[in-house]
Amino acid sequence: MLSQGDLEEILISAMKDKKYVDAIIELLDEENPGLKGDALLLLGELVSRHKDLMMEYVEEGLPLKTLFLVNDPDPYVKENAMQTFELMLRFFPWIEGMFRDEIIGELIDILERGDKNRKAFAMLMLKKLRVKEALPIIEQFKDVTEAVILPLEGVKWVSLGEIAREVIKDLGGERND
């Protein structure tokens, strides 16, 4: 994993030369989970600090590639993919329209097949995207008491059911408490 100093140096280099960004994106295809996770971490920093630099990469489909990595078996890769995808939605809200069908399809697949942490992540992203069509699936989780830990602000040791109930409420679904 990268040290803080290494991270800053790479970010500065990427600002000066887009070939660094290209190389970071290529690392997403690496087998080594440490390299892949570090690349996601760097991309998240670039998205949040240098939006203009990242625009073309986002337009070329980087959010989808990042979202697919949420299913990676390595926790470092998974968590950094979650954080980076959330940052992309926050800083580039228009990606919802550009890649809506692919994003929603993948999030629903994660909701149906993922572990509890991935399911919680998918619910929160579906809420952010205002996907009411996902309510019937989300309803299935409203009574689950297992706690989840997500690398997102304010989502540590919260029950999956609590997240589901919050998402259902925010999307205007029915609640049977």
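Predicted model: local features only at pLDDT ≥ 70, side-chain atom pairs only at ≥ 80, totals over all residues.
Helix α2 spans residues 18–26. Its buried residues are V21, I24 and I25. These three cover an arc of only 95 degrees around the axis, which places them on the same side of α2. An α-helix has 3.6 residues a turn, so residues three or four places apart point the same way. K19 and E26 are exposed on the other side of α2. The N-terminal end of α2 is capped by D17. Here a side-chain oxygen of D17 lies 3.0 Å from the backbone nitrogen of K19.

Helix α3 covers residues 33–49 and includes L46. L46 is buried, with a relative accessible area of 0%. Beyond residues up to four places away in sequence, L46 touches L11, A14, V21, I24, K51, L53 and M54. L46 and D72 are 26 residues apart along the chain, and their C-alpha atoms are separated by 21 Å.

K36 is also placed in α3. Is this lysine, K36, buried or exposed? K36 has a relative accessibility of 11%, and the cut-off for buried is under 20%, so K36 counts as buried. A polar atom of the K36 side chain lies 3.3 Å from the backbone oxygen of E30. E30 is also listed among the residues that K36 touches, together with L27, L28, L69, D72 and V77. That list leaves out residues up to four places away in sequence.

Helix α6 comprises residues 75–91 and packs against α9. The angle between α6 and α9 is about 5 degrees, and their axes are 12 Å apart. Angles under 35 degrees count as roughly parallel, and α6 and α9 are therefore roughly parallel to each other. On the α6 side, the contact is made by K78, M82, F85, E86 and L89. On the α9 side, N117, R118, F121, M125 and K128 take part. By class, the contact of α6 with α9 has five nonpolar, one polar and four charged residues.

A122 is buried, with a relative accessible area of 0%. The residues that A122 touches are L107, I110 and L111, not counting those up to four places away in sequence. The C-alpha atoms of A122 and P93 are separated by 16 Å. Along the chain, A122 and P93 are 29 residues apart.

The loop between α9 (116–128) and α10 (135–139) contains R130. Most residues other than glycine have a negative phi. R130 is not a glycine, yet R130 has a positive phi of about 60 degrees. R130 is partly exposed, with a relative accessible area of 44%.

Strand β2 runs over residues 156–159 and includes S159. S159 counts as buried, at 14% relative accessibility. S159 touches V144, T145, E146, A147 and R165, again not counting residues up to four places away in sequence.

How values were computed. Residues numbered from 1 in each chain as written. Heavy atoms only, no water. Helix = DSSP H or I, 4+ residues; strand = E, 2+ residues; numbered from the N terminus. Buried < 20%, exposed > 50% of the residue type's maximum accessible area, 1.4 Å probe, protein only. Arc of directions from axis to C-beta. Polar contact = N/O pair within 3.5 Å; in protein donor to acceptor, adjacent residues only side chain to side chain. Axes fitted to C-alpha atoms, helices over the stretch in contact; angles between N-to-C directions. Parallel < 35°, antiparallel > 145°, perpendicular 65-115°, else oblique. Contact = heavy atoms within 4.5 Å. Nonpolar A, V, L, I, M, F, W, Y, C, P; charged D, E, K, R; others polar.
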